[in-house]
Amino acid sequence: MNRSSQSPPSLPLVRVIAVVGCDGSGKSTLTADLLNHLRSKGSAKLLYLGQSSGNIADWIRSLPLIGAPLGRYLVRKADRTHSKKASAPDTATMLVIYLLSLWRAYKFWRMLALSRRGGIVITDRYPQAQASGFSFDGPGLGAVNGQSWLARKLEARELRLYQWMESHVPALVIRLNIDADTAHARKPDHKLATLRDKVAVIPTLNFNGARILDLNSHDPYEQVLDMALNAVSAVPLPAPHEGVVAVVGCDGTGKSTLTTDLLASLRSNGPAERCYLGLVSGEMGDKIKHLPVIGIRLERYLAAKAERAQDMKLKLPGTGTALVMHLLSLWRVTQLRRVIRLSRRGVRVIADRYPQAEIPGFHYDGPGLTADQSHNWLVRKLVAREQMLYRWMAEQKPALVIRLNIDAETAHMRKPDHSLTELQDKISVMPRLCFSGARIVDLDTRKPYPEVLSAALQAINTTL
């Protein structure tokens, strides 16, 4: 069963946490709770690295005409791969096994891409090359008795694939241990013999020298979760972008005035820039107006669409508005990329507003398209794409967030052209945003402005 006499070279993944264990040990519950905990502190994602033959079969069954019979065929072939006692498989079965391994490698590649972007990735299961068999998340072809030249060829290629995945060592492996009888009581649809095999093999895996925390799934779940969270706390969270200060708050709090004065102060001590990360602002609208021929009409059109997009209670009228909303989000991404480039060059950046993915709505600088439940396939595609964009933007943590607080009545006195209901809504939402765990300094803008400016400068000097 052991397929690797020596471990491949180690490539540490400092922000990947793997949760492994036999079926019935509580992997899904634990990974979901770890994800919620880590998301409250910053960026985190969950990825399933198991075989996924059931998910693939569900997708294939949805195909017209051939879907149902092809899906049943795939499930039978996948079930056969788990049986070590099966006779030598036919060519079709070997190809299915190899394709399932390629699919796992694709998901693993996605995990690497997510990890490189700076967020923490939690994986449910983790591939290894020590023990053959999909039951143990190892090579599937090594567990069958293929004798043909094609079988040997595919087996060798699959083993190299798993050795490549095993070479990427997670920062932490949380291994949930359980006995076969308890696992079977929790998962009565699983074969007891298969569970016994898993319980016997999984504790022998070393995951290429990764740090392993063994937990007993018989213990009360609160105790298991607490021990897992303590271990996870040692994993480094994504670092903020140095020199980036975000100023956020409801309309009427004085963001524009404060960011302008902060910029002037910072420029006296070195290079600094101010970037607006909202949607169609007055500044941007003025630039659009100066475009030849179409400028004035285009600015009016975009402003109207942006205003409508910010009302989460309005149903999107159609594909045109959805496209405009998506373009506005792409504009915001472009501005944030500029902020990141400036930060990497050593320029301090004052950002007026900052995108987040916690609460939907352009009013709160979150995704706007989630308001729509359209049956239009293009709109659904844009919704998914926008969600991905805002998750990426939320991962780009500023070094400091200065949150300007105010009551709705004062804000309305300063901005009488704004709806009082809208201001009350913004004021209720802003304090709930955590900006991926960035350091937040709350300032009361009802105080005299010199005090607010002084407190903001002191927070910046302390942080930067």
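This is a predicted model: local features need pLDDT of at least 70, side-chain atom pairs count only at pLDDT 80 or more; totals for chains, interfaces and linings use all residues.
**Exercise 1**

Task: Determine how helix 4 (residues 91-116) and helix 5 (residues 149-166) are oriented to each other, and describe their contact.

Solution: 
- Step 1. The two axes approach within 10 Å, and their crossing angle is roughly 15 degrees.
- Step 2. Angles under 35 degrees count as roughly parallel, and helix 4 and helix 5 are therefore roughly parallel to each other.
- Step 3. The crossing of helix 4 with helix 5 is left-handed.
- Step 4. From helix 4, the contact takes in Thr91, Met94, Leu95, Ile97, Tyr98, Ser101, Leu102, Arg104, Ala105, Phe108 and Leu112. Helix 5 supplies Leu150, Ala151, Leu154, Arg157, Glu158, Leu161, Tyr162, Trp164 and Met165.
- Step 5. Sorted by class, the residues of this contact between helix 4 and helix 5 are 15 nonpolar, 2 polar and 3 charged.

**Exercise 2**

Task: Do the corresponding analysis for helix 9 (residues 255-267) and helix 16 (residues 449-463).

Solution: 
- Step 1. The axes of helix 9 and helix 16 come within 11 Å, crossing at roughly 50 degrees.
- Step 2. Helix 9 and helix 16 are therefore classed as oblique to each other.
- Step 3. Helix 9 passes helix 16 with right-handed geometry.
- Step 4. On the helix 9 side, the residues in contact are Thr257, Leu258, Asp261, Leu262, Ser265 and Leu266. Their partners in helix 16 are Tyr449, Leu453, Ala456, Leu457 and Ile460.
- Step 5. The class count for helix 9 with helix 16 is 8 nonpolar, 2 polar and 1 charged residues.

**Exercise 3**

Task: Compare the span of helix 13 (residues 377-395) with the expected value, then list its buried residues and name elements that cover them.

Solution: 
- Step 1. Helix 13 contains 19 residues, and at 1.5 Å a residue a span of 27 Å is expected.
- Step 2. From first C-alpha to last, helix 13 reaches 28 Å, close to that expectation.
- Step 3. Buried in helix 13 are Val379, Leu382, Val383, Glu386, Leu389, Tyr390, Trp392, Met393, Ala394 and Glu395.
- Step 4. The cover over these buried residues of helix 13 includes strand 2 (44-48) and helix 12 (319-344).

**Exercise 4**

Task: Locate Pro188, decide whether Pro188 is buried or exposed, and give its C-alpha separation from Gly24.

Solution: 
- Step 1. Pro188 lies in the loop that runs between helix 6 (180-186) and helix 7 (192-201).
- Step 2. The relative accessibility of Pro188 is 58%. The cut-off for exposed is over 50%, so Pro188 counts as exposed.
- Step 3. Pro188 and Gly24 are 164 residues apart along the chain, with their C-alpha atoms separated by 9.3 Å.

Key
Residues are numbered from 1 along each chain as its sequence is written. Side-chain values use heavy atoms; hydrogens and water are left out. Axes are lines fitted to C-alpha atoms, for helices over the stretch in contact, and angles run from 0 to 180 degrees between N-to-C directions. Helices (H or I, at least four residues) and strands (E, at least two) are DSSP runs, numbered from the N terminus. Angles under 35 degrees count as roughly parallel, over 145 as roughly antiparallel, 65 to 115 as roughly perpendicular and the rest as oblique. A crossing is left-handed if the near helix is turned anticlockwise from the far one by less than a right angle, and right-handed if clockwise. Contact means heavy atoms within 4.5 Å. Ala, Val, Leu, Ile, Met, Phe, Trp, Tyr, Cys and Pro count as nonpolar, Asp, Glu, Lys and Arg as charged, and the others, Gly among them, as polar. The expected span of a helix is 1.5 Å times one less than its number of residues. Buried means under 20% relative accessible area, exposed over 50%, partly exposed in between (1.4 Å probe, protein chains only).
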